[in-house]
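Hi everyone, thanks for coming. Let me put the structure up on the screen, and then we'll walk through a few places in it together.

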Amino acid sequence: MKRRDFIKNCIVVIAGASVPLSALVMVDPKKVLAANPEIQWAFLIDTTKCVGCGFCVKACKTENDIPFNANITRTWVERYVFTMDDQRYIDSPKGALYGFTDSRVDLGMGEFKEIDPRNVGKAFFVPKLCNHCATPPCTQVCPVGATYKTDDGVVLVDRTWCIGCGYCIMACPYAARYFHPTLKVADKCTFCYHRITKGLETACVNACPFGARKMCNIHDTNDRNTQVILRERVGVLKDDFGTKPQAFYIGLAQEVR
Amino acid sequence: MLDQVAQHALQVHGEAWTVKELFVLPNEYIYWSIQIVMYPFMTGLVAGAFVLSSLYHVFHVEKLKEIARFSLVFSFALLPVAMMPLMLHLQQPFRGINVLMTPHFTSAISAFGIVFLTYASIVATELWLVYRQHFVLSAQALQAKQNRSVMDSIFLLIFNCLTLGARDLSHEAIEKDHRACTRMAGIGIPVACFLHGYAGFIFGSVKANALWMTPLMPVIFICSAVVSGVALCILCYVLVQEIRKFMAKRKMSRWAREASAPTVAELDGAEHEEVLLASNYLLYFMIAALTLEILDLIFRGYTQVKSWDILRKVIMERDFFKIFILQYTIGNAVPFLMMSLPGRTVRRTTLATVLVLFGVFMMRYNVVIGGQAFSLSFAGFMEYHLPIVPEDWETFKEGLFGALTVAATPFVLFYFINKVLPVFGMKESH
């Protein structure tokens, strides 16, 4: 075969093959796996309503089958106590799984501190969970693409593909991720994806007796919670990391990190 | 059911060696432990050893001929070990291959497979070019031998395979090998630097970690990699030469009994010259590495951004001994003085290289563990307790013995590779 013929044949083959191939679309798990791409889930937390009962933590662990007493959790509540002499105390014993039943602040390593109530300047609770960032650093760093963001705005982990390197855990500025003690893969809050895609509330929202936790579709401007996010003064955690968190806080103090 | 799970699964990964103090977020542990300290340390040794060998192959520093061949073979022995700590650290080691199957290219780790394999093939090619003549000659010698033993037959098979059918030993063919070798070494230097620079990038790009996040990280890692690689090569070279001298004196080995065997004085002379020259390069790279590290520290202290309060407590108080005494004083300042003061001897240089290796290890330790010594809340600390006596598989592989296994493996590999690719006693080679 002459060179000219060879090149001619090649062009014919490429031209012929490109027509059927163009019908194929690259499969994007984000699009395929998203249950409702028109929805953009967001979370709204009213810190002024939280009393630190820990029902949300219990509900989450039970609903998502996370080893109950293991010292990791998908959601947790932090207690902040600021004294009049400018001392700051923060704790979250077992992620507030059993609530804050002890008035003493847990200092770690088995030490506790009793604070005189008259000396307390301000004190409050802050519930935390995965922020399901719009630009999540955890999905960016996964070497195998086992963690991804769905089109409806939820960051998920593929437990069958995660290699357990821990890079996503390191990359998350909110410490929302951990290794599942029995499955040995990275694990995190899923916004109860199995529930919200069926029209149910997340376990923690459902369990909160004071309505401190709410969920909404940020695209639905008729939703009351969406209106709060869009109309009221709400804050997000650590916005300096450029992660664009989708968990919004009412009454967020600047000391909360 | 939940209670049952709770009974069995109380221990979370990282809980065994992490002690939390003040307020640390519930999910925070020292997830990256001793094996992740070993990973950049071992990759650094690979890259550094290769750079040393390239000094001879690319820049034709003739005096480094022997140590260059040694470093090349040694960097080949170190190669599989660069991967070992990662495999030992993975929670799902059998899925490690996924990194090659479905690389997710926005991740710094995903390039590992590609960069690592590219680098491995470059080192293998260069080794093959250096040793091709040896393979052919050995195969021919074994072929001609009467009464081959089983071992001889095995070696014959190995050497025959290793020649890859290229048995031409004419002058032109050898010359061609030389030129190709120079070219491979030339390509190898940037790839070696990339291999290690990107190990630095893995850490430097974690924006969540205040200590790691700096664009200087890859450069610091490259410089300290070369430092550690050169130091290890000098150390091992001296040790091997000492063993050879010992054998030559007592005629303990087959080669030592041959008429052409080098005398103790010859071995001594070669060793002296090569070690002192290599240690000069070590000094240059040490200056570069130290300058960058100190610059990073000063910059953090001077700019005093939000994270500085907690970083200062970690660097200046909690880890002071590890950083300023073990790393900078014993690992950097002391060996630097030992090598730069006049009247330097091989013994003094060798001792200095041991300290340098220790210093680089401590630098990796202080970066990897130190970066996890404070909470993301900036309100608490985590302390790392290296598991010494293994209680289970996890505390073994992420403990002292796991790290020692990784550290010992290259020497075992080197012993076997040296059987096929002899570092010393080759007449016609480059």
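Let's begin with A:Pro245, which is buried, as 23 other C-beta atoms lie within 10 Å. Buried here means 20 or more other C-beta atoms within 10 Å of the residue's own, exposed means 12 or fewer, partly exposed is in between, and C-beta atoms are placed from the backbone.

A quick word on the source: this is a predicted model, where local features need pLDDT of at least 70, side-chain atom pairs count only at pLDDT 80 or more, and totals for chains, interfaces and linings use all residues. Residues are numbered from 1 along each chain as its sequence is written, and chains are lettered from A and ligands numbered from 1 in the order in which they are written.

Where is A:Pro245 found? Look in the loop between helix H8 (224-231) and strand E12 (247-250) of chain A; helices (H or I, at least four residues) and strands (E, at least two) are DSSP runs, numbered from the N terminus. Leaving out residues up to four places away in sequence, A:Pro245 touches A:Asn131, A:Cys133, A:Val236 and A:Leu237, where contact means C-beta atoms, placed from the backbone, within 7 Å. Its C-alpha atom is 9.5 Å from that of A:Phe43, 202 residues apart along the chain.

Now over to chain B. In helix H11 (residues 308-318), the buried residues are B:Ile310, B:Leu311 and B:Ile315. They pack against helix H10 (264-303) and helix H12 (320-340) of chain B. On the other side of H11(B), B:Asp309, B:Met316 and B:Glu317 are exposed.

Finally, the two chains meet: the contact takes 46 residues from chain A and 45 residues from chain B. On chain A's side, H5(A) gives the most, with 4 residues.
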